[in-house]
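Open the model in your viewer and keep the selection panel at hand. Each stop below says what to select next and what is there.

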Amino acid sequence: MLITLQNLFKVYRMGDDTVNALDGVSLTIAAGEFVAIMGASGSGKSTLLNILGCLDTPTTGSYLLDGIEVSRMSRAQQARVRNRKLGFVFQNFNLLARTTALENVELPSLYGAGLPSRRRRARASELLERVGLGNRAGHSPAQLSGGQQQRVAIARALMNGPPVLLADEPTGNLDTRSSAEIMRLFTDLNREGITIVMVTHEEDIATYAARRIVMRDGRIAPTHERQETVS
Amino acid sequence: MTPWLTLRIALRAIARNKTRSLLTALGIIVGIAAVIAVVSIGQGAQTMMMEQISSIGTNLIMVFPGSRNQGGVHGGTGSVQTLTAEDGEAIAHDLPHLIRAVSPIVRSGGQAIYQENNWSTQIQGVSVEFPDVRNWEVASGAFFSAADQRAGARVCVIGQTVVDNLFPGIDPVGKSLRIRNMPFRVLGVMARKGSNTMGHDQDDAILAPFTTVRRVLYSSVFNNVSMLLVSLHSLDDLPVAKEELSKLLRQRHKLAPHADDDFNLLDMTEISNTIGSVTKLMTILLTTVASISLLVGGIGIMNIMLVSVTERTREIGLRMAVGATPGTILLQFITEAMALSTVGGIIGVAAGIAGARAVGRLQQWPILISEASVIAAFLFSAAIGVFFGFYPALRASRLNPIDCLRYE
C-alpha cells in the first residue's frame, strides 16, 4: 500500500467546545490509484487532504506513506517528504507572479537534492512540453490563461518525480473545456503510474477518478465506494 | 539549496520592487556614506597634519608667554606678556649644547600694497635666526641682516603666496611694498613651504625684523614677543632641553620656588598628540551620529521586510508546500535583508568616497580612504541586514503553509 491511514483524528479546540474535523478515518490507497474525495464543505475533506499532503498533522492516528510513518514528523522532515514524494495542484494554481513558467516548474527542484541548473532546466522544459506548453516557457503567469496556468502547476508538481499527486479542486477556477483538458492530463498521468488523490465537489469531475471517497462529518461515508476498479 | 541559489532568489526579490528597495536601503546608504566620508576626511586630515609636523621638524619647542598668578586670579595663556626677545637671546647663549637657534616671533596682520595690488596677510616679526630655526631657505634675494634687525629697518622677506598676489609676473626683490602706508623694501623671497599643521598657508606671510614689527606696527615700547621658537640639535635632547629651558626662564623671571610658570613650553610631539586626539574625538563623535543613522536604516529594513513577509504569504506557503523547510525560508529572508543592506552599503561606500572627494576638493583638504574602513562598512552593513532581517525571517519561517496557501 502506498498510503495507509489508521484511525485518524483531528481535533480542533474552539473556545470550550472541541470539533472533530476527522473522526476516526481509516483508509488505504494503493500505488497507481486515481481517487476522488468528495463531501460537503466542513465534512473534513480538506483536513484529510492536508494531512495526506504532510501539511498538517493528525491529533492521533497513524499515516504511513510509502511505508514510513509521517504523522509525527517535524516540520522540516515533513517538508522533505513533500519535496520528494508529493506533488501539489491547487484550485488557484499558486504560481509565482512575475516568474516565467519554466522557473515556476523548476521551483521544487531548488529545494531538493542539488541537481545542476542545466539538468533542472532541461527537466522543466521537458515537463512543459509534456503538458503541452513547450512554447510558453518564457511566459509569466499573467500572460497565460487559467487552463495553461494549471498545466504549468501540474508540470511543477511533477518536477521531482513524486509517486503521489494531490489535487485540491484542480478545476474549481476553470471553464468546462479547460477542466476537461486538465482531467484528460490527469488520466494520462495516472495511466503512466502516478497515484492521484483529488478533492472535488463536482460530480462530473469525480467521474474521471476510478474510486470515490465521500466524507461526512469527519468520517468516510460507507456508500458510493467503487472498490471493483482497484486492481 | 545552495547559498548561491539563495542569494539569486534574494536579489531577484529585491530587483522586483526597485523603488521600494532603494528607499529601504536609503537609511543604510546615508549612514554608510556618512561614516566613510567622515573617516576618510578625518584620516586624511590627520595624516596631513602628521606629515607636516614632521616636515616642520619635530625638534622644535615653542615658548609662549603664560598666565601670571595675580592674587589668586589666573589670566588665560598669553594674558600677560612676560616673554622678551632677551629671554630668547639668553636661551641661545646659555644652552648652546642643546639649542641650535632661537627666534622670537611677533605677530601682526595687515594689508600689503604694491601699486594697484593689495593682499591681506600675516606679518611676522622674526630674528635673523629664523631661517635656521625653521629650516626654511631663501629662494631668491637675501634674508635681512643683523644690522637690519638692530636698526629696526623697514625691510622684509616675503612668501610665495604674497609674491603670487602682489607681484604677479614681477621680480619683487628690490621693490617696495607698503604696509599701513609705510614702505618696506623686499630683500628676498622664501622657498615654497606649503600649508602647515592647521591647514594654514605658510607661504602667505611677510617676514620682517621683529624689532621693526614691534616698533613700527605695534608702536610698542615694551620688549615682549608673541612666542619664542627654539630649535634643538637633536630630538633626543627634548626632555632635557625642556627642563633646562624651564629652569632658565624661571630664574630669569625671578619666580619663587612654588610659583607657577609664567610661560608655556609646547613641543611638536605634544602638538601632534593633541591634534591626534582632537581628530580622533571628532571621528568618534561623527561616527556615533552616523551609527544612529545606520540603526534607523536597519529598523527601516526590518519594517519593510515585515511588510514583504506579509505580502508574500502565499509565496511562502507555496515554497513550503513544494519542499522549503522552515530553515530554508528563514535563510532566504535573512539573505534578502542582508543583500538589501549590503547593496545599500556598497552604494553608500561609493557615495561616501564621492562625497569625501568633493569635500576634499572644495576645502583643499586631503582625504584618505582606508581599505579597512571600506571593508568594515561593507561587513557592518551586511551585519545590519542579518540582525534586522532575523525577526521578519523568523516570522516567515514559522508561518503555517496551510494558512499561507489560503491567505488572500
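## Stop 1: a salt bridge in chain A

Select A:E192 and A:R130: the two form a salt bridge, with their closest N and O atoms 2.7 Å apart. A salt bridge here is a side-chain nitrogen of Lys or Arg within 4 Å of a carboxyl oxygen of Asp or Glu. A:E192 sits in the loop between α6 (176-191) and β8 (195-199) of chain A, and A:R130 in helix α4 (residues 117-130), so the pair ties together parts that are 62 residues apart in sequence. Helices (H or I, at least four residues) and strands (E, at least two) are DSSP runs, numbered from the N terminus.

Before going on, some ground rules. This is a predicted model, in which local features need pLDDT of at least 70 and side-chain atom pairs count only at pLDDT 80 or more, while totals for chains, interfaces and linings use all residues. Residues are numbered from 1 along each chain as its sequence is written, chains are lettered from A and ligands numbered from 1 in the order in which they are written, and side-chain values use heavy atoms, with hydrogens and water left out.

Now color the pair by accessibility. A:E192 is exposed, at 55% relative accessible area. A:R130 is partly exposed, at 31%. The cut-offs: buried is under 20% relative accessible area, exposed is over 50%, and partly exposed is in between (1.4 Å probe, protein chains only).

A:R191 is exposed at 65% relative accessibility, whereas A:D188 is partly exposed at 32%.

## Stop 2: all of chain A

Select the whole of chain A. It has 7 helices and 10 strands. Its radius of gyration is 18 Å, close to the 17 Å that the globule rule gives for 231 residues, so chain A is as compact as a globular protein of that length. The radius is taken over C-alpha atoms, and the globule rule is 2.2 Å times the number of residues to the power 0.38. Along its principal axes the C-alpha trace spans about 50 × 40 × 40 Å.

Of the 231 residues, 52% count as buried.

## Stop 3: where the chains meet

Show both chains. Together they bury about 2200 Å², 57% of it on carbon and sulfur atoms. Buried area is the accessible area (1.4 Å probe) that two parts lose on being put together, summed over both. Select B:R16, B:L318 and B:V322: they supply 25% of the area that chain B buries against chain A, more than any other three residues.

Next, pick A:E103 and B:R12. Their side chains meet in a salt bridge (2.9 Å, N to O). The count between the two chains is 1 salt bridge.

## Stop 4: inside chain B

Select B:Q332. It lies in helix α11 of chain B. Is B:Q332 buried or exposed? It is buried, with a relative accessible area of 1%. Leaving out residues up to four places away in sequence, B:Q332 touches A:Y111, B:T6, B:I9, B:R312, B:E315 and B:R319.

Move to B:K247 and B:E244. Their side chains meet in a salt bridge (3.8 Å, N to O). They are 3 residues apart in helix α8 (residues 238-252), about one helical turn. B:E244 is partly exposed, at 26% relative accessible area.

Last, select B:R214 in helix α7 (residues 210-217) of chain B. B:R214 counts as buried, at 10% relative accessibility. Its C-alpha atom is separated by 8.3 Å from that of B:V225, 11 residues apart along the chain.

Methods: Contact means heavy atoms within 4.5 Å.
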